[in-house]
Amino acid sequence: MIPHSDRQDPPTTTFNDHLQQLVEGALASISAADAGDIYAVSFLIQSEDDDPRRPTLTIGYNTETQARRSIQDASDQAEARWNYAFWIQNELTVVGDRTSDPAGATARQNWISDLGLRYDEPTDVADGDSVAGPLAARIEAHFGQTCCRLARVLHTTGVIERSVGRPVPVIVHELEYYEAIARQTEAANPPGLADEFISWVLNS
């Protein structure tokens, strides 16, 4: 198995542009009734079909009402507030999903090729460990960094504040939490804005 970066058709739009456009549209769709109750925006990163070559970004949010409702099922108030398992888990948009966002899926694959990280499914374990594994890790890292940069742009340009009515933290996360999740969320937000979440992750 050999990684390759060839691409037959040039992309009609860059993945970064597509990502920003869909996320801004999703945030703009938040109703005024919900906006006042939102305390955090969710940037959930997952891999479609557990394939690291197909990272997706799901945009959602959680509300104070949901956090209060979840306290009875959580170990404490902090867990009810910050553990995604207790969140609404709504999907304003899923960027890169091959069914709901085929244009984004294509742009994402072109983006991966441009980074020189495209690879074929390994045919044996050795290739998976020596070639696919490192490439998959680099795709994950680049995708996470891209999502963090976008979150900062949305703060800087006022998109978050206009959509929600005030600055709220963007939580850049997976289904599981660990120190790297705290650090990338820290990088995604203005200083201090996500401190409550970061402290909970690091001290849980």
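Helices (H or I, at least four residues) and strands (E, at least two) are DSSP runs, numbered from the N terminus.

Strand 1 pairs with strand 2 (residues 55–63) in the antiparallel sense over nine bridges, where pairing requires that DSSP finds at least two bridges between two strands. Within this pairing, I38 stands opposite T63 of strand 2. Strand 1 also runs parallel to strand 4 (residues 170–173), to which four bridges join it, and here L44 has H173 as its bridge partner.

## Overall organisation

The protein has nine helices and four strands, and from the N terminus on these elements follow the order α-α-β-β-α-α-β-α-α-α-β-α-α. Of the contacts (heavy atoms within 4.5 Å) between residues at least 6 apart in sequence, 68% join residues at least 24 apart.

## Burial and surface

Of the 204 residues in the protein, 46% are buried. The accessible surface comes to about 10200 Å², and carbon and sulfur atoms account for 48% of that area, as computed by the Shrake-Rupley method with a 1.4 Å probe, where for residues only the protein chains shown count as cover.

## Basis of the values

Residues are numbered from 1 along each chain as its sequence is written, and side-chain values use heavy atoms, with hydrogens and water left out. Because the model is predicted, local features need pLDDT of at least 70 and side-chain atom pairs count only at pLDDT 80 or more, whereas totals for chains, interfaces and linings use all residues.

Terms used: Buried < 20%, exposed > 50% of the residue type's maximum accessible area, 1.4 Å probe, protein only.
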